[in-house]
Amino acid sequence: KDVVFIDIPVLSRRNRIEIDTVSFDKLIEILNGNFVFENTGKVNLKVLNASNKSRLADKAVNMLRQNSFDVFYWGNESQKNNFTIVIDMINNHQKSSQIVDILGCGEVLVVPSPKPFADMTVFLGNDCNLYDKLDKIQK
């Protein structure tokens, strides 16, 4: 019923390609839900504004950094979304739920990856209304 496409980690040795067994074993553990991630401290985030609202990513970055998240990249996404999505690639439900709570919008999508570039990516959609939150904080 379900089809999953996986980019299997490979190594090039002696002019041939071999499966990287250590990374492959981690990938299988992640897919089975048995892998425990050692880094439960700071989460590296990528925040993209996929809404029609200007400077929304800047506002989200400020809020997330105030709550100890390490945002290493933010900017605009060319494809616009109506809804905010948090893509969790390290399967850390506590942190991804915390992001949704901080922003006051969004759904979590878990997409495990053995060597993610970013631990989580946040696509800010039109449902994210940080302007009201910031106005209440400043008053």
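Strands, like helices, are DSSP runs numbered from the N terminus, with at least two residues (E) for a strand and at least four (H or I) for a helix. Strands count as paired if DSSP finds at least two bridges between them. One of the bridges sets Leu 11 against Glu 18 in strand 2.

The model is predicted: local features need pLDDT of at least 70, side-chain atom pairs count only at pLDDT 80 or more, and totals for chains, interfaces and linings use all residues. Residues are numbered from 1 along each chain as its sequence is written, and side-chain values use heavy atoms, with hydrogens and water left out.

Let me now turn to the chain as a whole. It contains four helices and seven strands. Read from the N terminus, the order of elements is β-β-α-β-α-β-β-α-β-β-α. Of its 139 residues, 34% are buried. Buried means under 20% relative accessible area, exposed means over 50%, and partly exposed lies in between, with a 1.4 Å probe and protein chains only.

Ile 19 belongs to strand 2, residues 16-19, and its relative accessibility of 47% makes it partly exposed.

Five strands make an open sheet in the order 4-3-7-5-6, with mixed pairing. Its edge strands are strand 4 (70-76) and strand 6 (107-110), each of which pairs on one side only. On average, neighbouring strands are turned by 20° against each other, direction ignored. For angles, axes are lines fitted to C-alpha atoms, for helices over the stretch in contact, and the range is 0 to 180 degrees between N-to-C directions.

Strand 3 and strand 4 are parallel over six bridges, and Asn 44 has Asp 70 in strand 4 as its bridge partner. Strand 3 also runs parallel to strand 7, through five bridges, including the one from Leu 48 to Phe 123. Strand 5 and strand 7, by contrast, run antiparallel and are joined by four bridges; here Ile 87 is partnered with Thr 121.

How many of the five residues of strand 7 are buried? Five of the five, in residues 120-124, so the strand is largely enclosed by the rest of the structure. Both of its faces are covered, with Met 120, Val 122 and Leu 124 buried on one side and Thr 121 and Phe 123 on the other.

Ser 68, which is not a glycine, has a positive phi of about 70°. Ser 68 lies in the loop between helix 2 (56-66) and strand 4 and is partly exposed at 47%. Asn 91 also has a positive phi, near 55°; its loop runs between strand 5 (85-88) and helix 3 (93-103), and its relative accessibility of 38% makes it partly exposed.

Finally, side-chain links. The structure holds one salt bridge, defined as a side-chain nitrogen of Lys or Arg within 4 Å of a carboxyl oxygen of Asp or Glu. Arg 55 and Asp 58 form it, at 3.0 Å from N to O. Arg 55 is exposed at 57%, whereas Asp 58 is partly exposed at 24%. Disulfides, meaning pairs of cysteine sulfur atoms within 2.5 Å, number zero in the whole structure. Cys 105 is buried at 6% relative accessibility, and Cys 128 is buried at 0%.
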